[in-house]
Amino acid sequence: MRTVNGPTETVVIVGAGLGGLSAALRLAGAGRQVTVVEREDVPGGRAGRLLAGGYRFDTGPTVLTMPDLIADAFDCVGENLDDWLRLRPVDPLYRARYPDGSHLDVHADADATAEEITRVCGPAEAAGYRRFVAFVSALYRAEMRDFIDASIDSPLGLLRPSLARLVALGGFRRLAPAVGRYLHDERTRRVFSFQAMYAGLSPHDALALYAVIAYMDSVAGVYVPVGGMHAVPVAMAGAAAKHGVTFRYGTRVTRVETRGRRAVAVHTAAGERIPADVVVLNPDLPTAYRELLPASVTPGRLRRLRFAPSCFLLLAGSRAGYPGSAHHTIHFGRSWRRTFDEIINRGELMSDPSFLVTTATASDPSPAPAGRHCYYVLFPTPNLTAPLDWSVLRSRYRDEVVETLEHHGYTGFGAGIEIEDVTTPADWRARGMTAGTPFAAAHTFGQTGPFRPANLAPGLDNVVFTGSGTQPGVGVPMVLISGRLAAERVVGRDRTYRSRALR
């Protein structure tokens with residue numbers, strides 16, 4: 001594995017997102033002098049927060065899986081995760097609601113989910129589900145150590161003994177038919193393949209190896225941090241600061257100063273120059289190249305990247321409550337394949353929406369005033385490569401979202417709203433996300449593993465990337481791993497702590 005050249009004593013990390021914080025903890029644990037420069041006044045990056053009218057909202061991811069990856073980062077500085085963060089398991093992990101009026105609860109316990117599938121779909125489907133769990137568990141074991149949790153510098157790096165195992169499992173076939181080998185009811189097929197949207201693809205186009213996301217979501221368990229998802233970066237930053245990491249909040253980096261093949265400092269909007277032996281960049285990768293690095297080092301292939309779909313996000317603080325709500329509810333429309341075609345291929349809004357509603361107050365009443373509720377409503381949309389004018393669509397689509405919610409059983413949703421905040425693809429772009437998507441480059445075969453933008457900047461000996469735009473990819477677990485991979489580029493693979501559970 002290649003590492004940066006030259007001295008590595010002082011490291012400047014641009015951005016206090018989850019990837020940057022993961023790298024900071026590991027580098028601090030390896031004895032480096034680390035400074036994190038963050039443009040916002042708080043850590044978190046995309047895992048941000050909104051405080052308004054007595055309500056507290058997460059503004060980024062709401063699904064937390066694989067907490068061992070967070071614990072692993074704390075272990076690097078000798079800290080125990082439980083001393084910094086309280087995690088509660090979510091049960092059910094998801095409630096899936098279907099247009100025929102049926103619903104299916106997915107649990108971390110396979111026996112409980114099998115019992116639920118028997119109730120909804122019959123015993124034969126439950127038996128297929130058990131075989132599916134064995135399949136995705138085997139995929140996870142084949143992928144995690146050698147492909148997800150590893151820096152792969154070239155396609156030759158794929159030639160490992162576990163590759164044969166992955167091929168034998170069918171990891172390079174298409175996801176939808178792979179799921180269909182075990183599950184025959186359209187309802188179970190959907191709830192265990194919708195995760196392809198995280199990878200920016202239809203289940204009919206995504207590789208079967210992305211069924212490993214279903215393992216992370218639906219087998220390994222889903223958790224909610226006390227205080228919301230934003231509590232995760234707050235805890236990570238607190239532990240890092242305790243162990244010597246310097247944080248510079250409210251400080252925007254404008255460029256990385258280079259001399260020859262080396263970065264030597266970062267410059268801030270206030271005119272300050274911060275010297276560095278190594279620079280780790282946590283902003284959206286194409287944006288970091290475009291705004292912070294010399295044009296001469298930007299790979300030409302970045303202009304050809306295919307980006308994942310985006311989303312319309314409505315945060316609502318409301319008087320309206322819906323007894324029995326699950327923490328995460330997925331509403332599936334009647335159409336399925338057409339929905340992906342509209343969003344990904346045709347650049348159109350969904351004609352028959354499928355969407356996610358996260359009700360934080362279903363698990364913990366503290367994010368809202370007494371008797372009130374917090375809702376996080378996410379509708380997938382095309383990214384900004386589609387010819388949609390969100391300055392015109394913003395208000396209209398917001399009303400369509402509310403109308404759709406009310407049609408799906410959230411009676412009086414619009415009238416109950418006291419506080420709301422809307423994020424469109426145009427807003428994601430304004431926050432520095434290329435193509436207006438928070439999900440980065442799609443995980444096509446040509447943008448996966450060694451074909452994904454590298455975490456070492458070509459042409460520079462000491463600039464490293466972390467975050468969803470580089471290896472291994474999108475999602476909270478992947479971004480946390482990207483921080484480890486970035487740190488290993490600086491200090492070597494054998495110098496960063498790895499918990500036994502992840503080896």
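**Charged pairs, rings, a helix and a sheet**

Glu348 and Arg346 are joined by a salt bridge in which the closest N and O atoms are 3.0 Å apart. In this predicted model, Glu348 counts as partly exposed at 32% relative accessibility, and Arg346 is likewise partly exposed, with a relative accessible area of 42%.

Arg394 counts as partly exposed, at 32% relative accessibility. The salt bridge between Arg190 and Glu186, at 3.5 Å from N to O, is set within helix 7 (residues 186–191), where the two residues are four apart and therefore separated by about one helical turn. An α-helix has 3.6 residues a turn, so residues three or four places apart point the same way. Arg190 is buried, with a relative accessible area of 7%, whereas Glu186 counts as partly exposed at 38%. Elsewhere, Arg26, Asp72 and Arg484 are linked in a network of salt bridges.

Turning to the aromatic residues, a search of the whole structure finds 25 aromatic pairs. The ring centres of Phe312 and Tyr397 are 5.2 Å apart and their planes stand at 85°, so this pair is edge-to-face. It connects distant parts of the chain, with Phe312 in strand 14 (residues 310–318) and Tyr397 in helix 12 (residues 390–407), 85 residues apart, and both Phe312 and Tyr397 are buried. Tyr322 and Tyr410 also form an edge-to-face pair, with 5.2 Å between centres and 75° between planes; here the link runs between two loops, Tyr322 lying between strand 14 and strand 15 (328–331) and Tyr410 between helix 12 and helix 13 (413–416), 88 residues apart. Tyr322 is buried with a relative accessible area of 16%, and Tyr410 is buried with 8%. A further group, made up of Tyr94, Tyr98, Phe194, Phe332, Trp336 and Phe340, forms one aromatic cluster.

Which residues does Thr381 touch, not counting residues up to four places away in sequence? Its contacts include Phe312 and Tyr397, together with Pro309, Ser310, Cys311, Ile343, Leu349, Trp390 and Pro425. Thr381 is found in strand 17 (residues 373–381) and is buried, with a relative accessible area of 0%.

Helix 9 (residues 231–242) has twelve residues and spans 16 Å from its first C-alpha to its last, close to the 16 Å expected at 1.5 Å a residue. Its buried residues are Ala231, Val232, Pro233, Ala235, Met236, Ala237, Ala239 and Ala240, and what covers the buried residues of helix 9 includes helix 1 (18–29), helix 2 (68–75) and helix 15 (476–491), as well as strand 8 (223–225) and strand 9 (246–248). After helix 9 comes Gly244, whose phi is positive, near 100°.

Finally, three strands form an open antiparallel sheet in the order 10-11-12. Strand 10 (253–259) and strand 12 (273–275) are the edge strands, each pairing on one side only, and neighbouring strands of this sheet are turned by 30° against each other on average, direction ignored. Strand 10 is joined to strand 11 (residues 262–268) by six bridges, and Val256 has Val266 in strand 11 as its bridge partner.

Terms used:
Residues numbered from 1 in each chain as written. Predicted model: local features only at pLDDT ≥ 70, side-chain atom pairs only at ≥ 80, totals over all residues. Heavy atoms only, no water. Phe/Tyr/Trp six-rings, centres within 6.5 Å; stacked < 30°, edge-to-face > 60°. Buried < 20%, exposed > 50% of the residue type's maximum accessible area, 1.4 Å probe, protein only. Expected span 1.5 Å × (residues − 1). Contact = heavy atoms within 4.5 Å. Pairing = 2+ DSSP bridges. Axes fitted to C-alpha atoms, helices over the stretch in contact; angles between N-to-C directions. Salt bridge = Lys/Arg side-chain N within 4 Å of Asp/Glu carboxyl O.
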